[in-house]
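Visitor: I am new to reading protein models. Could you walk me through this one, step by step?

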Amino acid sequence: MDSLLDRFCRYVKVETTAVEETENYPSCPGVLELGRMLADEMRALKLEAVSQDEAGIVMGTIPGNVAGAPTIAWLAHQDTSPEASGKDVKPNIIRNYDGKDITLPGDSSKVIRVADTPELAGLKGRTLITSDGTTLLGADDKAGIAVIMTVAAHLMAHPEIPHGPIRVVFTSDEEVGRGVDKVDIKKINATCAYTLDGSGSGELENETFSADLATVTLTGYNIHPGLATGRMINAIRLAGEFISRMPWQRLAPETTAGRDGFLHPYVIEGGVPEVKIRILLRSFVTAELAQQAEILKQVAATVLAEHPKARIDVDVKRQYRNMKDHLEKEPRAVALAAAAMKAVGIEPKYASIRGGTDGSRLSEMGLPTPNLATGMHNFHSVLEFACLEEMESSVTVLIELAQLWGKEKP
Ligand SMILES: [Zn+2]
């Protein structure tokens, strides 16, 4: 499967770093360049209905060759994380990895250490791909794109493999939280979808947090400090009291793990007259979000009891919901992915993400979308790397998955 490695190296060389502070979509022009390359390759492979829209989203269809099978979709995102540079990525291929620390060739201070990266122990003898240490690699999510394109090429070249129609979708701006803003699930028109945006091998992410966002506005009263006696109400002081009374010992990201939810103040801005605090509400149990909002209202009440002339508003907005709630409506989405892994000798590792994925929003919009492994590691960092054999096993899983769906009825 050398073409998988060729494809991967070709895609990571296009700079597609997502940009947070812009109204543009895609946020980075490189996405349009990569998308043109992908659309051309899809046309050359004879995929049907190949398109690239002005948002940079690329779609195409691997036509089915069995009657009546449901349509499924495979998704990956073209943009890369803004947390490290994605310009002039130089893939560094390490064959027959010796199991030791990896010093990156372009910056000897950048070392992928075995002690910090437990999964390296299991990858001795494999082919690893790193950057040169001056950029990220971009395996997140070009490993997913390379896997999907390799499977598309394989299925188009092997019409004897029975499967239904498969929609290939490459999105943008996932890394800045806008990954499904421009995705039209009616146009995808599939029974279920899979994001190829997971790490390692065998990972099957079928659960995410449910999420709300609270904006707490504390309103004080400002006056010259010389005249302030008995009159000034300092919103900064109110905010300090508010945050110190939140139950962080049992309900914060830095003090919880596993299946615990949390309240996370992550932005504070303002001055004496007014302060706004933005707080993430997170739980795997959607009903607990209402209890978390109630905690914030109670904290507000205790602060107000001591500062009766102040005002505190707690405004809660819905963000996304646990993918699991929606995946239950189409149980085949996870069941057939697990069956495909087992059929090629991989034990599925079910994972719950202490965050959200594009799949959580797509699932909520009505397209059940679990997330599958693609062999990427240490993403969002110059220490990012990918394992070729894990990417290859994702290819074999997708080929199996296509056939399992080919035996289903809508
Ligand atoms: Zn990703």
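**Domains and helix packing**

Guide: Gladly! Bear in mind that this is a predicted model. Its domain assignment gives domain 1 (2-208 + 323-406) and domain 2 (210-319).

Visitor: How many residues does the contact take from domain 1 and from domain 2?

Guide: Four residues come from domain 1 and four residues from domain 2. On the side of domain 1 that touches domain 2, two residues are polar, two are charged and none is nonpolar. The C-alpha centres of domain 1 and domain 2 lie 38 Å apart.

Visitor: Now the helices. At what angle do α3 and α10 pack?

Guide: Helix α3 (residues 139-157) and helix α10 (residues 388-406) pack at about 50°, and their axes are 9 Å apart. Angles of 65 to 115 degrees count as roughly perpendicular and those under 35 as roughly parallel, so α3 and α10 are oblique to each other. Their crossing is right-handed.

Visitor: Which residues of α3 and α10 meet?

Guide: From α3, the residues include A143, V147 and L155, and from α10 they include M391, L398 and A402. This contact has 10 nonpolar, three polar and no charged residues.

Visitor: And how do α8 and α10 cross?

Guide: The axes of helix α8 (residues 332-343) and α10 come within 8 Å and cross at roughly 125°. α8 and α10 are therefore oblique to each other, in a right-handed crossing. Among the residues that meet are L336 and M341 in α8, with E400 and W405 in α10. The contact of α8 with α10 has 10 nonpolar residues, no polar ones and one charged.

How values were computed
Residues are numbered from 1 along each chain as its sequence is written. This is a predicted model: local features need pLDDT of at least 70, side-chain atom pairs count only at pLDDT 80 or more; totals for chains, interfaces and linings use all residues. Axes are lines fitted to C-alpha atoms, for helices over the stretch in contact, and angles run from 0 to 180 degrees between N-to-C directions. Helices (H or I, at least four residues) and strands (E, at least two) are DSSP runs, numbered from the N terminus. Angles under 35 degrees count as roughly parallel, over 145 as roughly antiparallel, 65 to 115 as roughly perpendicular and the rest as oblique. A crossing is left-handed if the near helix is turned anticlockwise from the far one by less than a right angle, and right-handed if clockwise. Two residues are in contact if their C-beta atoms, placed from the backbone, lie within 7 Å. Ala, Val, Leu, Ile, Met, Phe, Trp, Tyr, Cys and Pro count as nonpolar, Asp, Glu, Lys and Arg as charged, and the others, Gly among them, as polar. Domain bounds come from an automatic or database domain assignment.
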